[in-house]
Amino acid sequence: MRIKPDFRKFHEVDAEALCVGLFEGEDLEDALLRELDQRLRGVLATALTSGEVKGKFGETLYVPTMGALAASRVLFVGAGKRSEFTFDTIRQVAGTAARFLRQRGIRSMAILHRSALDLSRSAQAAVEGVLLGLFDPGTYKTQEKEERAIEEVRLVAEGESEVEMQRGIERGMILAKATNFARNLVNEPASVLTPLELARRAADMAARYGLDIEVLDEAQMKELGMGALLGVARGSDEPARLIVLRYIPEGDEAFLSHLPTVALLGKGITFDSGGISLKPADGMEQMKYDMAGGAAVLGALRAIAQLRPKIKVLGLVPATENMPSGRAQKPGDILRTMSGKTVEVINTDAEGRLILADAITYARQLGAQTIVDVATLTGACVVALGSVYAAIFGNDPSLVERVIAAGREAGEKLWPMPLDPEYREQLKSQIADLKNVGGRKAGAITAAYFLKEFAEETPWAHLDIAGTAWLEENKPYLASGPTGMGVRTLAHFVCQEAEGGLSEHS
Ligand code: BES
Ligand code: ZN
Ligand code: ZN
């Protein structure tokens, strides 16, 4: 798909469809809308007075121009209240428009820049909305495969700066494509996307974008003492892997030695059957998305490799299945984690925290000064926040704040949750240092607390994306299915840590 700026007047833009956002309650005071309405011989005024369109969020009005504009159709998209307008509104309007137009066989669309928001970031949001909106989760459909495609998108902003626009377009493309890369991984069935296959795809991605990669096998994990990760892997016939990606910016030794290292960790359970504590059959097919945190880390590293921030980044994805078998770990087993702490396994379905515990310890050993992990960790998080907010936890309030800010920038909502020491009580074991579940109460918190025990004094934040990584229903710019939750938050966070904003890319 080609995406380019177009600096002509809106009526000269010769795309098949021109999209125009409409604010709620808007009349024709705005000069541009008035001119557009005049050229369309009052179509908009009529629709507004009759109440056919009110600018309410997600509303659409599709009109042929009959030669009045160079574009053959105009699509008005409701943008909601002007006072509530943000970059995420742009994503939603652009995503709604792209999906609407593709369905009607349109091949080239243009989006009119109508807000007073920063041009580069507006362009970026529009590109994200379009590319995320057009993601097609029907990978394995042979019949109704989506053949219609939007081939060209123009961003129309008369008299604006080409450099600004181009920068926004490129950033939008990098972030949206990285998100869609993660969504494709999450969408794959578990028999295709085994831990080995995930590692292979990570290696392909790393080679393509110039990242270093190392993939540890089970013998190497054993050598490192990763008893928790290996405990989960025991029940599976598919061998486990620990994917370790490294992004190092350009610069000489002296320069690099002063840069901090951020580690991004993602839960990579390629299928979570629950293990011996087997899950019920109903909905178990969804548990192929239990590697969505891992996919988010791979997607974020892909974007980071292109955005080139001046900071060192580690990406760690412990990858394994969680399966029952004669060799599987059993409730009551004791695991010795890499940190030396011992864990009593009460429920083999609480496996995410086990594999992440060893990954956190390894990240610290590799010199991470900040750790952010992303995981589809608990059903309790889904109950608490649904699919609107992901939960965020941490041992450093400033870090949590910074990640929330990055999420805001990315259009991904994060809600802070408590981790007071009282919750530690629920993880006490009679026989070992910790047990892996904390009972029925505060399930998302005790899971996070378990991880906190392994972060020790390293600043650490944890995102529970169990409710937000997979959608049951369409959202304006996200089709139902995998969302790529976390990719853009992590990428923004890393760039922000490097220099207080998205950095330049080469
Ligand atoms: N992968 C699940 C959590 C999950 C649930 C993700 C629903 C997405 C949707 C996790 O490994 C799990 O099974 N957690 C258990 C923990 C319990 C045994 C303490 C849960 O949440 O039920
Ligand atoms: Zn589980
Ligand atoms: Zn799981």
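**View 1. Domain 1 and domain 2 of the protein.** Domain 1 covers 2–134 and domain 2 covers 175–505, with bounds taken from an automatic or database domain assignment. Their C-alpha centres are 38 Å apart. Where they meet, with contact meaning heavy atoms within 4.5 Å, domain 1 brings 14 residues and domain 2 brings 17 residues.

**View 2. The area buried between domain 1 and domain 2.** Together the two domains bury about 1200 Å², of which 54% is on carbon and sulfur atoms. Buried area here is the accessible area (1.4 Å probe) that two parts lose on being put together, summed over both.

**View 3. The salt bridge of R488 and E128.** These two side chains meet at 3.6 Å, N to O. A salt bridge is a side-chain nitrogen of Lys or Arg within 4 Å of a carboxyl oxygen of Asp or Glu, and there are 2 salt bridges between domain 1 and domain 2.

**View 4. The side of domain 1 that touches domain 2.** Here α3 (87–103) and α4 (119–133) each supply at least two residues; helices are DSSP runs (H or I, at least four residues), numbered from the N terminus. The biggest giver is α4, with 7 residues.

**Notes for all views.** Residues are numbered from 1 along each chain as its sequence is written. In this predicted model local features need pLDDT of at least 70, side-chain atom pairs count only at pLDDT 80 or more, and totals for chains, interfaces and linings use all residues, while side-chain values use heavy atoms, leaving out hydrogens and water.

Methods. Chains lettered and ligands numbered in written order.
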